[in-house]
Amino acid sequence: MLHDEVVPILDFGSQYAQLIARRVREQGVFSTLVRPDIAAGELAAMKPKGIILSGGPASVYEAGAPRCDPDIFQLNLPILGICYGMQIGAQILGGRVTPAAAREFGRARLHVLGDDPLVRGLPADTIVWMSHGDQVNDLPKDFVPLASTPTCPFAAARHKRLPFYGVQFHPEVTHTPRGELIFRNFLHDICHCAGTWTMGNFIEESVKAIRDQVADARVICGLSGGVDSTVVAALLYRAIGQQLTCIFVDNGLLRKHERERVQSTFADHFKTNLVVSDATEQFLGALAGVSDPQKKRKIIGAQFIDAFKREALAIKDARFLAQGTLYPDVIESGHGHAGASANIKLHHNVGGLPAELGFELIEPLRDLFKDEVRRLGQVLGLPDDTVWRHPFPGPGLAVRIVGEITPQRLTILRNADEIVLDELMAAGLYRKTAQVFAVLLPIATVGVMGDARTYDSVVAIRAVESQDFMTADWARIPFDVLATMSNRIINEVRGVNRVVYDISSKPPSTIEWE
Ligand code: XMP
């Protein structure tokens, strides 16, 4: 294991498991999800400072409910069971778990019963988030209750002799306002973690691991201009310097000045080779006459592999391919647990490269969340405008031109999009929004310009706020900012005589229009 202090989480299928990992890292302790049935020996080999058992949707007395190796309770390591994790622990250690008389779901008032390291510092009464059908009702005599709610007498408890603690509520969610203190108490006072895990350590450890893996071979890294691939490149550059070669494919579907921006950021931060492939004609040729969004995506995916392969295979001594796979990608693919095979980001900017290329994969960000990647980028000295960039889809402007893609329509969209982003930044709203862009619609409408009637295109402005891009709300951009965007687009972009604002949320709408 790469990290000094690690607290693994046995994942029993909780929707909050990732959130637990994140809360642990916020305390300066590295955390990762592992299979719930991991053998005690394997777990001990990770030299953890403690263990967390996550919640889960099952019921402990159901046939086939996930179980953990009972020997983990004999490792003499502090264990914190959360919800299902507490129930499985109590059951293994001799407790009785029964369906709760009232299913508890939502906020509950927690009353602290005594002084114990786990609940130390909590007010006598505090709010916690409950979400369970079962609860530990009958604590074996070896357990001491630490806190209760009106319907749950053992909302928090500990074993008298073993360092096993359990909470039936969810300290990891923001609806448990003092949840952070429970993690701090568990990690620092009970597991005795020093909390030294920082991005600085992460860089040091990753650099060492990359050097060990790569030795003196060459690594290629596809750059997309986005945060993830730039951070991967920066980390690799820190580790292996000029053994890194980056490839940037201009698919002709990028925003205005994007290629120049990528090249100049690269030149400012990396003194190594960047291969820029201008594949505009190849992509636009293949897309000519195509309007169907999924067909566009397929064509772009195939052309990308083709263009990337051409450049990559021309780099003679390359053995490794670096990718910006993040932790949520690993988890979402169901491969989050230890021992699972590597997952490749499908249809992402530089992903989906086939195994036939014959490279070994390096995925130095696969333990990190997006906001951690941004912090890492900052620590690596990347500029703010790279670190805080809004995401941009792999198929680029192709999915923002509804209908057919032509060079003329690309120019219209690029010019409109540039104005939208300019005005967004001028209003100080870039960091407050998750994704903002222009969309070109496949209809013409009537307008008057001077004395003449026009019959020109419509541009839609799409602006959303979102944490995870799975759900999003339309951003309440002030009217005067929208007015400036609209005036400028209609006056400055030839071919547009109408601007509309998209006020739909996701779901049921999506962020992109195609
Ligand atoms: P939707 O439109 O599905 O988008 O709400 C969610 C997020 O994914 C991005 N997106 C894509 N990214 N290839 C990508 O690399 C794609 O085909 C693609 N489609 C959507 C979108 O920009 C948003 O951030």
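What joins strand 7 to strand 8? A hairpin does, running through two residues. Before going further, a word on the ground rules: this is a predicted model, where local features need pLDDT of at least 70 and side-chain atom pairs count only at pLDDT 80 or more, while totals for chains, interfaces and linings use all residues. Residues are numbered from 1 along each chain as its sequence is written, and side-chain values use heavy atoms, with hydrogens and water left out.

Helices (H or I, at least four residues) and strands (E, at least two) are DSSP runs, numbered from the N terminus. Two strands pair if DSSP finds at least two bridges between them. Strand 7 (residues 143-149) runs antiparallel to strand 8, with five bridges joining them. Threonine 149 has cysteine 152 in strand 8 as its bridge partner.

On we go to strand 9 (residues 164-167), which pairs with strand 8 in the antiparallel sense over three bridges. Here too there's a hairpin, this time through four residues. Alanine 157 stands opposite glycine 166, and alanine 156 stands opposite valine 167. Strand 9 also has strand 4 (residues 79-82) as a parallel partner, with four bridges joining them. In that pairing, glycine 81 is the bridge partner of glycine 166.

How enclosed are these strands? Buried means under 20% relative accessible area, exposed over 50%, and partly exposed in between (1.4 Å probe, protein chains only). Seven of the eight residues of strand 8 (residues 152-159) are buried, so the strand is largely enclosed by the rest of the structure. Strand 9 is covered on both faces: Phe164 and Gly166 are buried on one side, and Tyr165 and Val167 are buried on the other.

Five strands make up an open sheet with parallel pairing, in the order 12-11-10-13-14. At its edges are strand 12 (273-278) and strand 14 (360-362), each pairing on one side only. From one strand to the next, the twist averages 30 degrees. Strand 13 (residues 318-322) pairs with strand 14 in the parallel sense over three bridges, and leucine 321 stands opposite leucine 361 there.

**Two helices crossing**

Helix 13 (residues 407-426) and helix 14 (residues 479-492) have axes that come within 9 Å and cross at roughly 150 degrees. Axes are lines fitted to C-alpha atoms, for helices over the stretch in contact, and angles run from 0 to 180 degrees between N-to-C directions.

**Rings and charges**

Rings of Phe, Tyr and Trp (its six-membered ring) pair if their centres lie within 6.5 Å; planes under 30 degrees apart count as stacked, over 60 as edge-to-face and the rest as tilted. By this rule there are ten aromatic pairs. Take tryptophan 474 and tyrosine 501: their ring centres are 6.1 Å apart and their planes at 80 degrees, so the pair is edge-to-face. Tryptophan 474 is in strand 17 (residues 473-474) and tyrosine 501 in strand 18 (residues 496-501), 27 residues apart, so this pair links distant parts of the chain. Tyrosine 501 counts as partly exposed, at 21% relative accessibility. Elsewhere, ring pairs link Phe30, Trp197 and Phe202 into a cluster.

Some rings have a charge over them, meaning NZ of Lys or CZ of Arg is within 6 Å of the ring centre and within 35 degrees of the ring normal:

| Charged residue | Ring | Distance from ring centre |
|---|---|---|
| Arginine 400 | Phenylalanine 437 | 3.6 Å |
| Arginine 476 | Tryptophan 474 | 3.8 Å |
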